[in-house]
Amino acid sequence: MEGASCSYNDPGRGLNTFRRHCPGSGHRILLGAARSTAYSHTWEQGTDLRHRQRPHRRESRAKRQCCASAGAVASYQLAQISSIPSTSVDPRLLAILAGIAVFVLAVKKIFDTPSRTYDPSNPNVGDEYDSWTEDGILEHYWGEHIHLGYYSEEERARGYKKKDFKQAKFDFVDEMLRWSGAQQPKRILDVGCGIGGTSRHLAAKYPNATVQGITLSPKQVARGTELAKQRGLTNVSFQVMNALAMDFEDDTFDLVWACESGEHMPDKKKYVEEMARVLKPGGHMVIATWCQREETAATPLSQKERADLQFLYDEWAHPYFVSVQEYGRLLEGTGKLQSVEIDDWTPQTLPTWRHSNWVGVWDPWPVIFKLNPFVWYKVLREIVTLERMHRAFDSGLMEYGMAKAVKKASAAPVNQRVGAAVAAT
Ligand SMILES: C[S@@+](CC[C@H](N)C(=O)[O-])C[C@H]1O[C@@H](n2cnc3c(N)ncnc32)[C@H](O)[C@@H]1O
């Protein structure tokens with residue numbers, strides 16, 4: 001009876017049934033039933049219900065033998081099982097276990113339901129950043145930079161926990177600046193500036209330049225301005241402005257910088273076109289942004305991947321992500337840019353997610369001392385989301401996209417080109 005199996009269920013003090021699977025006929029033979037009490041079993045010996053419904057005479061001789069033999073082996077196993085002393089389960093314990101199960105399922109449901117879904121008819125991005133700025137928790141843990149950190153290969157080999165979490169963000173800005181290829185820019189635009197960590201860093205690095213940060217959040221503007229004042233930086237300013245419809249003239253900035261703002265843009269094409277518009281000919285544009293992997297006919301997103309992405313869109317007010325390849329196409333598509341390059345910095349930035357949770361574990365007091373269950377709940381959600389982000393990037397579903405380009409000289413407005421040509425003759 002190779003492959004045959006014997007199973008039984010034991011719903012406490014209820015009725016247990018014992019069945020044997022006969023691989024020859026596919027029948028499941030009911031061997032017996034017993035009502036168990038705490039101290040004894042009584043068995044009603046082997047009746048084959050399936051055989052009653054489908055008599056043997058319709059079966060082949062081989063199948064009949066198989067079933068007979070299954071019954072014999074199973075009767076033996078049944079005898080063995082019936083010698084095991086029964087245990088009774090306290091109904092109170094069952095009730096507690098059921099209560100725990102319901103609680104766990106309810107918590108899972110709450111954490112699986114995104115809390116800040118992007119609403120295209122009433123975009124909530126500015127409000128969400130206002131709220132993050134107001135409670136100060138993000139600033140406490142992440143510092144003045146709301147973007148991922150940079151961890152070199154050696155630092156990753158040594159272990160990310162050995163690196164200072166906030167220093168990793170300054171390192172990211174320096175690496176991004178180096179990668180951009182920009183040299184001594186005079187006018188810099190920081191698109192989606194947060195509370196201005198990068199803007200101030202660039203302003204301090206280039207004292208002869210002016211840096212303009214824009215964001216949708218009035219509270220970020222206020223906090224960014226306050227911090228610039230505290231540092232004595234007079235060449236940086238912040239304002240509320242929509243990146244998709246900027247007030248700046250064409251060809252204004254030498255460096256257009258966009259670090260982790262593209263994720264929130266409901267129109268990525270317009271985002272790239274606006275940045276290309278305000279960039280000076282010869283000026284540099286550099287974008288760092290969370291991307292999802294490129295979907296092709298050969299590599300479609302699975303249902304699970306789609307569900308995971310949907311959660312990541314919705315939890316932190318993102319309309320959708322695109323691939324880094326798509327950013328490359330969008331930059332090319334403006335017709336105004338050249339030297340377009342894209343890259344994936346997932347390995348360099350991946351440690352940030354778990355490092356972030358780690359710093360919270362070592363220093364939970366700012367959250368605990370808020371003495372506000374709503375803040376505790378919010379922080380707990382962030383911890384779960386940070387881990388989900390880590391998994392999405394680690395699995396290749398998400399990628400850390402980098403894109404850069406230089407504005408073509410010929411992309412200058414016609415009157416400027418004519419002026420230059422006249423001057424040259
Ligand atoms: C993750 S934060 C990035 C912060 C910043 N780049 C830094 O280095 O700390 C995203 C920023 O993008 C801004 N943002 C999102 N959508 C925007 C839009 N349409 N126009 C301007 N800023 C936007 C948000 O207000 C927020 O300041």
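How many helices and strands does the protein have? There are 17 helices and 11 strands, where helices (H or I, at least four residues) and strands (E, at least two) are DSSP runs, numbered from the N terminus.

## About the model

This is a predicted model, in which local features need pLDDT of at least 70, side-chain atom pairs count only at pLDDT 80 or more, and totals for chains, interfaces and linings use all residues. Residues are numbered from 1 along each chain as its sequence is written.

## Burial and cores

Of the protein's 425 residues, 34% count as buried. Here a residue is buried if 20 or more other C-beta atoms lie within 10 Å of its own, exposed if 12 or fewer, and partly exposed in between, with C-beta atoms placed from the backbone.

Let's look inside. The largest nonpolar core has 61 residues; such a core is a set of buried Ala, Val, Leu, Ile, Met, Phe, Trp, Tyr and Cys residues joined through C-beta atoms within 7 Å. Val191, Val256, Trp257, Met275, Met285 and Tyr327 have the most contacts inside this core. Strand S9 (residues 279-292) gives the most to it, with 7 residues. A second, separate core of 6 residues includes Tyr129, Trp132, Leu216 and Trp316.

## Strand S5 and its partners

S5 (187-191) is largely enclosed by the rest of the structure, because 4 of its 5 residues are buried. S5 and S6 run parallel, joined by 5 bridges, and Arg187 stands opposite Thr210 in S6. (Two strands pair if DSSP finds at least two bridges between them.) From S5 the chain crosses through H8 to S6 in a right-handed β-α-β crossover: with the strands pointing away from the viewer, the path from the first strand over the helix to the second runs clockwise.

S5 also pairs with S8 in the parallel sense, over 3 bridges. In that pairing, Leu189 has Val256 as its bridge partner.

## Helix H8

H8 is mostly covered, with 7 of its 9 residues buried. Among them are Arg200, His201 and Leu202. The elements covering the buried residues of H8 include helix H7 (165-180), S6 and helix H9 (218-231).

## Around the ligand

Which residues come nearest to the ligand? Of the 24 residues around it, these are Gly192, Gly194, Ala243, Ser261 and His264; a residue counts as near if its C-beta atom, placed from the backbone, lies within 6 Å. Helix H4 (125-135), helix H8 (197-205) and strand S6 (210-215) each supply at least two residues of this shell, and H4 gives the most, with 3 residues.

Key:
Contact = placed C-beta atoms within 7 Å.
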